[in-house]
Number of protein chains: 2
Amino acid sequence: MNQFWSDFVKELKPYVPGEQPKEGEFVKLNSNESPYPPSPKAVAAMDKALAKGLELYPEAEATPVRETVAKYYGLTPDQVFVGNGSDESLAHLFNGLFRHNGKKILFPTITYSFYPVYAKLYSIPYTEVPLADDFSIDITPYLAASPDEVCGIIFANPNAPTSIALSLETIERLLKEQPNILVVVDEAYVDFGTQTAISLIQRYPNLMVIQTLSKSRSLAGIRVGFAFAQAELIQALTRVKNSFNSYPIDRVAQAGAIAAFEDEEYFNKTRHMIMASREYLIKEVRGLGFNVLPSAANFIFMSHPKLDATKIASELRERKLLVRHFKQVPIDQFLRVTIGTQENCENLVKALSEIVSKGII
Amino acid sequence: MNQFWSDFVKELKPYVPGEQPKEGEFVKLNSNESPYPPSPKAVAAMDKALAKGLELYPEAEATPVRETVAKYYGLTPDQVFVGNGSDESLAHLFNGLFRHNGKKILFPTITYSFYPVYAKLYSIPYTEVPLADDFSIDITPYLAASPDEVCGIIFANPNAPTSIALSLETIERLLKEQPNILVVVDEAYVDFGTQTAISLIQRYPNLMVIQTLSKSRSLAGIRVGFAFAQAELIQALTRVKNSFNSYPIDRVAQAGAIAAFEDEEYFNKTRHMIMASREYLIKEVRGLGFNVLPSAANFIFMSHPKLDATKIASELRERKLLVRHFKQVPIDQFLRVTIGTQENCENLVKALSEIVSKGII
């Protein structure tokens with residue numbers, strides 16, 4: 001091992017993102033990207049941003065973006081943090097709000113697999129809490145946590161890769177019963193069928209909500225994500241950010257983010273198309289004998305009682321369809337499948353139908 | 001103080017970047033940006049990147065960028081790290097290569113003022129080493145450092161805000177005499193008049209070089225910076241990066257970075273224009289009685305024996321010319337002035353001439 005590496009670097013187990021194949025090689029149903037391009041208005045705004053000022057640093061705090069998004073959600077700009085993707089917002093919050101001298105954080109055993117990676121990066125102890133038998137998040141253990149031992153709770157809602165959402169009432173109960181524990185709700189997939197917790201921010205100083213432009217706004221290629229919370233929590237992220245990188249959001253990305261939030265019509269049209277294709281896909285694959293968890297996301301999570309998940313994934317791959325398989329108990333027989341275009345979904349159903357017939361005979 | 005803040009957040013003293021005024025309000029000579037737009041080929045490449053694929057994540061390791069830049073410098077792609085600006089590369093190197101259980105790092109008292117901020121963010125002890133009387137970096141104390149106590153040395157070359165360069169021979173001497181200390185040379189301004197240390201990388205496993213597109217490539221608005229070193233050191237940064245943010249460089253930025261490196265003609269034209277204007281400016285302001293340090297950068301660092309720096313800066317501001325003033329001993333009587341267009345320089349000379357006449361009378 002290299003003598004210049006800090007000790008913890010040797011122990012890191014970096015997050016492994018979904019495969020990014022060469023363009024056109026596969027139908028990508030493995031990274032929960034949108035199958036639709038971003039709003040033409042967002043592209044036009046980015047095009048305009050290219051024409052002037054690229055030699056100058058961007059607005060350091062992405063203030064015009066924060067103003068636009070704050071207005072959209074009925075917040076004030078000081079309740080909005082903008083990061084280079086939601087991943088950067090998450091990293092800063094782990095560092096700035098979850099490092100408390102030996103206190104630990106809690107998250108589900110099955111959730112966004114970057115959480116344990118951040119915890120290791122910042123030497124934060126953590127306990128993984130099992131899901132309920134139906135793969136939903138059971139909040140009982142979180143309600144029972146002692147604030148003397150636990151400083152934070154984080155989960156995705158809808159959860160990934162299970163696709164199951166927790167109700168706003170349940171989240172509020174947790175916030176109310178654990179006022180001394182910071183609760184972070186990661187809403188990367190919220191626009192596909194569940195309620196955002198942003199409406200609770202004014203009443204709960206222990207709530208932070210994370211969102212991203214990478215899913216429902218079709219801008220994974222641009223890298224913009226958000227944290228929403230009362231101003232003091234946002235200040236902590238801003239302090240960390242300004243000790244890390246003054247200008248993480250470039251000029252083009254800032255222009256695109258603003259225009260994407262302003263084009264509500266396109267946003268609604270594309271997310272509703274995705275939700276409609278999801279309902280079609282769920283119905284069809286259930287017809288093929290798959291068990292599909294109830295999805296509030298732009299992906300489904302499914303298993304087949306008779307066919308091995310590794311085998312299905314590899315058969316799909318041969319048919320140029322890429323899906324995600326986490327080989328981790330108790331979800332090792334499940335596949336996570338991103339909702340593509342309606343045509344993608346129909347081709348997937350056709351492929352699965354072949355695989356199932358072949359497999360069962 | 002908010003109960004959810006990690007302790008260290010309270011102690012942070014974030015870096016303060018140069019003021020970014022509203023467009024057109026001032027002539028910006030305060031942030032060492034280029035006065036020229038980026039290569040038209042870089043803009044065209046970014047424009048093309050907007051047309052397709054923004055809904056998909058970018059290449060996680062910016063491999064096409066690393067390949068292009070490696071080829072340019074005669075390195076291999078595994079010797080190149082790409083960060084969201086050089087600031088992100090610096091942050092990851094402080095975290096991954098400078099955190100060694102109580103060992104400290106050394107840097108000059110007067111250098112890029114982000115270094116102590118990173119050190120505080122990652123709880124790294126440090127000692128600031130005074131400059132020589134002529135404001136150059138005296139390497140004697142660095143040569144005398146014990147590797148039992150010191151794990152790293154970092155400085156900017158040319159140094160900022162002094163603008164003075166260290167010779168390649170001096171840097172090599174340091175690398176040779178301190179094989180067990182990591183030496184980081186931050187070359188943000190290297191293209192304006194000194195030699196890069198990249199040529200030493202194959203021979204010195206204790207060298208890392210940092211560069212950026214924000215200065216000589218006129219792309220401060222886009223956020224791309226580099227670390228160059230032997231592959232094992234780059235691997236450490238990659239591990240930290242992949243535990244922090246999988247995709248920090250967006251699709252548009254990657255396209256722009258590649259095209260900017262490929263347009264050598266435009267790069268040479270603009271940097272030579274800046275260097276010519278610098279020589280003009282130095283000659284003129286020396287004629288007005290200013291002391292100007294020998295500059296190898298796209299800025300000059302100057303003081304006047306009879307006029308107070310705060311007063312000069314404020315008089316310039318009234319004339320819509322923004323310069324940078326660090327109110328820190330022993331440079332509190334100096335102003336850092338970015339080289340603008342030739343016209344900007346001529347207007348600055350005119351303004352300084354008025355201020356000097358008025359001040360001295």
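Seven strands of chain A form an open sheet in the order β2-β8-β7-β6-β5-β3-β4, with mixed pairing. Two strands count as paired if DSSP finds at least two bridges between them. Helices (H or I, at least four residues) and strands (E, at least two) are DSSP runs, numbered from the N terminus. This is a predicted model, in which local features need pLDDT of at least 70, side-chain atom pairs count only at pLDDT 80 or more, and totals for chains, interfaces and linings use all residues. Residues are numbered from 1 along each chain as its sequence is written, chains are lettered from A and ligands numbered from 1 in the order in which they are written, and side-chain values use heavy atoms, with hydrogens and water left out.

**The seven-strand sheet of chain A**

- β2 and β4 (126–129) of chain A stand at the edges with a single partner strand each, so one side of each has no neighbour in the sheet.
- From one strand to the next, the twist averages 20°. Axes here are lines fitted to C-alpha atoms, for helices over the stretch in contact, and angles run from 0 to 180 degrees between N-to-C directions.
- β6 (residues 182–186) and β7 of chain A pair in the parallel sense over four bridges. D186(A) stands opposite I210(A) in β7(A).
- Helix α4 (residues 85–97) of chain A packs on this sheet. It touches β2, β3 (104–108), β5 (150–156), β6, β7 and β8 of chain A, and its direction makes about 155° with that of β7(A).
- Helix α8 (residues 231–241) of chain A also packs on the sheet, touching β2, β6, β7 and β8 of chain A. The direction of α8 makes about 140° with that of β8(A).

**Strand β8 of chain A**

- Five of the five residues of β8 (residues 225–229) of chain A are buried, so the strand is largely enclosed by the rest of the structure. Buried means under 20% relative accessible area, exposed over 50%, and partly exposed in between (1.4 Å probe, protein chains only).
- In a regular strand, side chains alternate between the two faces of the sheet. G225(A), A227(A) and A229(A) point one way from β8(A), while F226(A) and F228(A) point the other way.
- β2 (residues 80–83) of chain A pairs with β8(A) in the antiparallel sense over four bridges. F81(A) stands opposite A227(A).
- β7 (residues 207–212) of chain A pairs with β8(A) in the antiparallel sense over five bridges. V209(A) has F228(A) as its bridge partner.

**Nonpolar cores**

- The largest nonpolar core has 120 residues. Such a core is a set of buried Ala, Val, Leu, Ile, Met, Phe, Trp, Tyr and Cys residues joined through side-chain atoms within 4.5 Å.
- F226(A), F228(A), F226(B) and F228(B) have the most contacts inside the largest core.
- Leaving out residues up to four places away in sequence, F226(A) touches V65(A), F81(A), V209(A) and F261(A), among others. Contact means heavy atoms within 4.5 Å.
- A second, separate core of 78 residues includes W5(A), L93(B), Y122(B) and L237(B).

**Domains of chain A**

- The domain assignment gives domain 1 (22–37 + 265–360) and domain 2 (40–262) of chain A. The bounds come from an automatic or database domain assignment.
- The C-alpha centres of these two domains lie 26 Å apart.
- In the contact, 28 residues of domain 1 meet 25 residues of domain 2.
- The two domains of chain A bury about 2000 Å² between them, 66% of it on carbon and sulfur atoms. Buried area is the accessible area (1.4 Å probe) that two parts lose on being put together, summed over both.
- F267(A), A296(A) and F299(A) supply 28% of the area that domain 1 buries against domain 2, more than any other three residues.

**Between the chains**

- Chain A gives 83 residues to the contact and chain B gives 82 residues.
- About 6800 Å² is buried between chain A and chain B, with 54% from carbon and sulfur atoms.
- F4(A), Y57(A) and F244(A) supply 12% of the area that chain A buries against chain B, more than any other three residues.

**Features of chain B**

- Three strands of chain B form an open sheet in the order β9-β10-β12, with antiparallel pairing. Its edge strands are β9 (291–292) and β12 (334–338).
- Helix α3 (residues 63–73) of chain B has buried residues including V65(B), V69(B) and Y73(B). Their cover includes β2 (80–83), β7 (207–212), β8 (225–229) and α9 (251–262) of chain B.
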